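Let's take a walk through this structure together, one piece at a time.

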Amino acid sequence: MGLFDFFSRNKSGNVAKDRLKLLLVSDRANCSPEILEAIKNDIIKVISRYMDVDSEALDIQITQTPSEEGHGSVPALFANIPIRDMKFGKNLPDQPG
Amino acid sequence: MSEVIVITSGKGGVGKTTTSANLGTGLAMLNKKVVLIDTDIGLRNLDVVMGLENRIVYNLVDVIEGSCRLSQALIKDKRYPALQLLPSAQTRDKSSVSPEQMKKLIGSLKGDFDYILLDCPAGIEQGFKNAIAGADRAIVVTTPEVSAIRDADRIIGLLESNDIRQIDLIVNRIRMDMVKRGDMMSIEDVIDILAVRLIGAVPDDESIVISSNQGEPLTGSDCLAGQAYMNISRRITGEDVPMLDLNIKSGFFSRLAGAFKKK
């Protein structure tokens with residue numbers, strides 16, 4: 001079963017589920033995948049000046065969270081950015097001009 | 001007082017009409033008084049699936065325009081005395097009816113039936129707005145495909161914003177053999193994504209094609225789909241029915257695998 005599970009990651013059922021999850025994030029947030037991709041790339045660009053991030057594993061989502069005032073929901077941007085290495089003191093880039 | 005249920009999906013071709021026909025029949029078999037309303041004006045289909053196409057004299061638009069009395073347009077199903085159909089108009093379009101007129105029509109049916117089932121057209125435009133106008137609850141039909149689930153998600157959002165509180169999901173045309181080998185999303189995957197209550201799953205079954213060829217809904221028959229529809233009908237009435245096991249062990253190899261699994 002373990003071996004089967006290992007291969008099943010790439011099965012079309014899982015591919016469908018993953019595609020759908022991404023699709024619904026942008027559908028529900030009313031934000032296109034292109035814009036989300038652009039935000040993601042800009043975040044990587046800025047953060048990469050200070051630390052080495054795993055851009056492949058970076059995950060950003062716009063989700064609906066209950067508003068703090070207690071009525072309805074508001075969109076929130078969640079970003080999960082795995083850091084490979086901190087660059088402090090090593091090759092800190094020049095301040096952007 | 002009747003319960004008004006709209007059967008909807010967003011995407012076309014996922015089985016709304018088949019579901020409507022079979023749930024209407026199922027509820028009638030449970031001795032509930034049911035009226036099925038085909039709200040797909042211009043693309044009339046429910047009458048054909050029910051096998052009642054030769055008995056239409058008046059239709060939904062005739063009733064709304066006052067060309068006939070409501071009782072003249074209702075077709076009594078001779079096989080199930082508790083079941084009646086209000087057919088749609090074939091030569092008109094969705095703009096012939098407004099949401100207010102639908103509400104009024106449903107209001108005039110409310111005293112006489114236990115359940116009013118509305119077969120909704122595909123899409124999110126006028127036809128959808130008409131169909132949901134008078135509904136208390138909704139049954140969303142989807143298939144385990146990306147496109148159908150995406151549309152179902154949109155529909156669920158629209159139903160919620162129109163204050164339809166109770167929304168139940170039917171996962172239609174599931175193929176357990178494909179789910180097992182990982183080539184189809186499972187029922188659990190679909191519920192996980194859509195986050196609504198599952199009221200039943202219907203397997204992809206050849207008997208459904210045969211039943212609509214013949215114009216005989218298959219609810220209550222021995223085949224898996226027939227049992228699934230009967231179970232969903234019972235759940236609609238509030239009965240607690242356990243989910244049907246859709247894993248039929250048909251082939252020699254799957255039986256062999258089953259035998260090994262037990263050890």
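This is a predicted model: local features need pLDDT of at least 70, side-chain atom pairs count only at pLDDT 80 or more; totals for chains, interfaces and linings use all residues.

As background, strands of a sheet pair through backbone hydrogen bonds, either parallel or antiparallel. For a parallel example, look at β1 (residues 3–8) and β5 (residues 115–119) of chain B, which are joined by 5 bridges. Within this pair, I7(B) has D119(B) as its bridge partner in β5(B).

Which residues touch the most other members of the largest nonpolar core? That core has 74 residues, and the ones to pick out are I5(B), V6(B), V34(B), L117(B), L118(B) and V140(B). In soluble globular proteins, nonpolar side chains tend to be buried together. L117(B) is worth a click: leaving aside its neighbours within four places in sequence, its contacts are I5(B), I7(B), S20(B), L23(B), G24(B), V34(B), L36(B) and I37(B).

Let's move on to a pair of helices. The axes of α7(B) and α9(B) are 10 Å apart, and the two helices pack at an angle of about 40°. The crossing of α7(B) past α9(B) is right-handed. Here I149(B), A152(B), D153(B) and I156(B) from α7(B) meet V190(B), I193(B) and L194(B) from α9(B). Sorted by class, this contact has 6 nonpolar, no polar and 1 charged residues.

How many residues of chain B are in contact with chain A? There are 12 of them, and they are in contact with 13 residues of chain A. On the chain B side, α7 (146–161) and α9 (187–194) each supply at least two residues. The most comes from α7(B), with 5 residues. By class, the side of chain B that touches chain A has 6 nonpolar, 1 polar and 5 charged residues.

Chain A itself has 3 helices and 4 strands, which follow the pattern α-α-α-β-β-β-β along the sequence. Of its 97 residues, 2% count as buried.

N31(B) is in the loop between α1 and β2 of chain B, and its phi is near 65°, a positive value in a residue other than glycine. N31(B) counts as exposed because it has 11 C-beta neighbours inside 10 Å. D163(B), in the loop between α7 and β7 of chain B, also is not a glycine and has a positive phi of about 65°. With 7 other C-beta atoms within 10 Å, D163(B) is exposed. Finally, G107(B) sits in helix α5 (residues 99–109) of chain B and counts as exposed, with 11 C-beta neighbours inside 10 Å.

Notes:
Residues are numbered from 1 along each chain as its sequence is written. Chains are lettered from A and ligands numbered from 1 in the order in which they are written. A nonpolar core is a set of buried Ala, Val, Leu, Ile, Met, Phe, Trp, Tyr and Cys residues joined through C-beta atoms within 7 Å. A residue is buried if 20 or more other C-beta atoms lie within 10 Å of its own, exposed if 12 or fewer, and partly exposed in between; C-beta atoms are placed from the backbone. Two residues are in contact if their C-beta atoms, placed from the backbone, lie within 7 Å. Ala, Val, Leu, Ile, Met, Phe, Trp, Tyr, Cys and Pro count as nonpolar, Asp, Glu, Lys and Arg as charged, and the others, Gly among them, as polar. Two strands pair if DSSP finds at least two bridges between them. Axes are lines fitted to C-alpha atoms, for helices over the stretch in contact, and angles run from 0 to 180 degrees between N-to-C directions. A crossing is left-handed if the near helix is turned anticlockwise from the far one by less than a right angle, and right-handed if clockwise.
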